[in-house]
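The overall figures come first, followed by notes on individual residues.

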Amino acid sequence: MTDEQAGLEDEQTAVDDADQASEEPDEAAKLKEAIEVSTEDVGTLRKKLTITIPRDAIDERLDEQYSELKRDSIVPGFRKGHAPLKLIQKRFGHDVGDQLISKLVSAGYLAAIEKAELKPIGDPLIWARGKDQDEGEKLVSIEKALEVMELPDEESLTFACEIELRPEFEFPELEGIKVDKPKVEITDEDVDAEIKRYQSMRGQYVPLTGGTIEEDDLIIADMTMRVDGKVVKEEKNASFAARGQVIEGVVIENLGDALIGTSSGDTVTAEADVGDDHENLDYRGKKAAFEIAIKDVKRLEVPALDQQFIEVLGFDSKEELRSHLRYTLESYLSTVVQRGMRGQIGKYLLENCEMELPTGLSQRQTERVVARRKVELWQRGVPDQEVEKHMDELRSKAGEDTVKELKLFFIMEKVAEQMEIEVLDEELNGAIAGIAARQGKRFDRVRDELSKGEGLMALYLQLRDDKILDALLQKAVITEIEGPKKKTAKKAKKTEKTTKSTVKKSTGTKKAGRATEKKAQG
């Protein structure tokens, strides 16, 4: 091929690419014009969309697909591009149907929300029947829906989905926000807490050989879930902690109370209401009963603060360890103070932005908030066991705190657009490296863990929000104040003594004793 021919071929390729790029908006516009969309309110800022893609639009795309295959496919016994169309349809029909329905559902949804002038939060949930024909329809992700959806032979394609809409609201004044900057210092108690964190990071769960289950113990059990008396789920050797949990999408806030005080071999039952956003329509608003047959119990065992442990950490003495940790904490103190001031800005925004939120936070939105909290805890160097405890608590109490964080998410998203704030790749990688250092893990391992689910996005949003809050702090009115006074060791000991006395005098069950102890401590 001559240089001139190569140049002409490159020029033709560029023209073809440009033509294809110009055709895509035309196809989207044609689909938007052709589809039928009906909307139904199913809650505050929550809508059900029924989308119909006419048969003509389906056939037009099928013809395009088969024309391309006829032109490019090599079929034994025929020259390239000369195989009969019916043979092409028979040979590739199934694959073409799978690919086309995926494109039609995605493109049809995007065209529908544009036609209906809707601004949804995240991806839709599709109403789809399970692979077992006896299963009723339920809300599932697009990916799961496409596993069971089929392209109709002659009819139009109709499918329904539910979306949550972005709330509309007005900003308060963003300049001159009043912020307090506390004067704080590192104490011996702070160093003690950091040492305990190091111990917890190197702890491990060991089988419980005697005694009863305590809060946060790890339970291995056979679980049976019933709705309306019918068994809907059975799982052998399920693993979960003795605290509030979300099992099969159902919040069991009192599960910890039911388990604490029991032991291996016992069977525990618990009931909980199924939320209005559960993926299975038949379960919504009903009672779910759980039967948990405990098989094994494990408890976190942390290493003793002895010379061997101190040397494993790389120090010669306890004094050297404490001196190092004090220095590290003091270096980190400015970050803590800055985080506190950012929190005051966030609180101001929450209190001064009026908005409605979707009826019943969906499980997906809750998981996004959970992922963000997980990233924050990792950045603070909280051990994995404690991180999981916080995650369980947040999932099982997905109420006011989750609502606040979701509300703040919408506020920060709108501020980011207004202030044109973004996060660079090097900033994201720097934050991952910081988490790796605090957790004592490798960079690639932390990145892999964050890549699961919403982790990386949660970290990106946190970095973006920090940049926004820091920019607002530069415009804030900051006043230095005295920091919060901590309990002295003497007072703490007195409180502990009073707590133990109160628990000892309680006349109720173990559950009543635990409630009294918490009340005395709080």
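The accessible surface of the chain comes to about 30900 Å², by the Shrake-Rupley method with a 1.4 Å probe; carbon and sulfur atoms account for 47% of this surface. This is a predicted model, in which local features need pLDDT of at least 70, side-chain atom pairs count only at pLDDT 80 or more, and totals for chains, interfaces and linings use all residues. Residues are numbered from 1 along each chain as its sequence is written, and side-chain values use heavy atoms, with hydrogens and water left out.

**Overall architecture**
- The chain holds 16 helices and 14 strands (DSSP runs numbered from the N terminus: helices are H or I with at least four residues, strands are E with at least two).
- Of the 522 residues in the chain, 37% are buried (under 20% relative accessible area; exposed is over 50% and partly exposed lies in between, with a 1.4 Å probe and protein chains only).
- Contacts (heavy atoms within 4.5 Å) between residues at least 6 apart in sequence join residues at least 24 apart in 71% of cases.

**Glutamate 301**
- Glutamate 301 lies in strand β13, residues 287-301, and is partly exposed at 48% relative accessible area.
- Beyond its neighbours within four places in sequence, glutamate 301 contacts Gly203, Gln204 and Val206.
- Glutamine 199 is 102 residues from glutamate 301 in sequence, yet their C-alpha atoms are 9.3 Å apart.

**Positive phi in loops**
- Leucine 45, in the loop between β1 (36-43) and β2 (46-53), has a positive phi near 55° although it is not a glycine.
- Leucine 45 is partly exposed, at 21% relative accessibility.
- Glutamate 420, also not a glycine, has a positive phi of about 55°.
- The loop between α11 (400-419) and α12 (425-439) contains glutamate 420, which is exposed at 71% relative accessible area.
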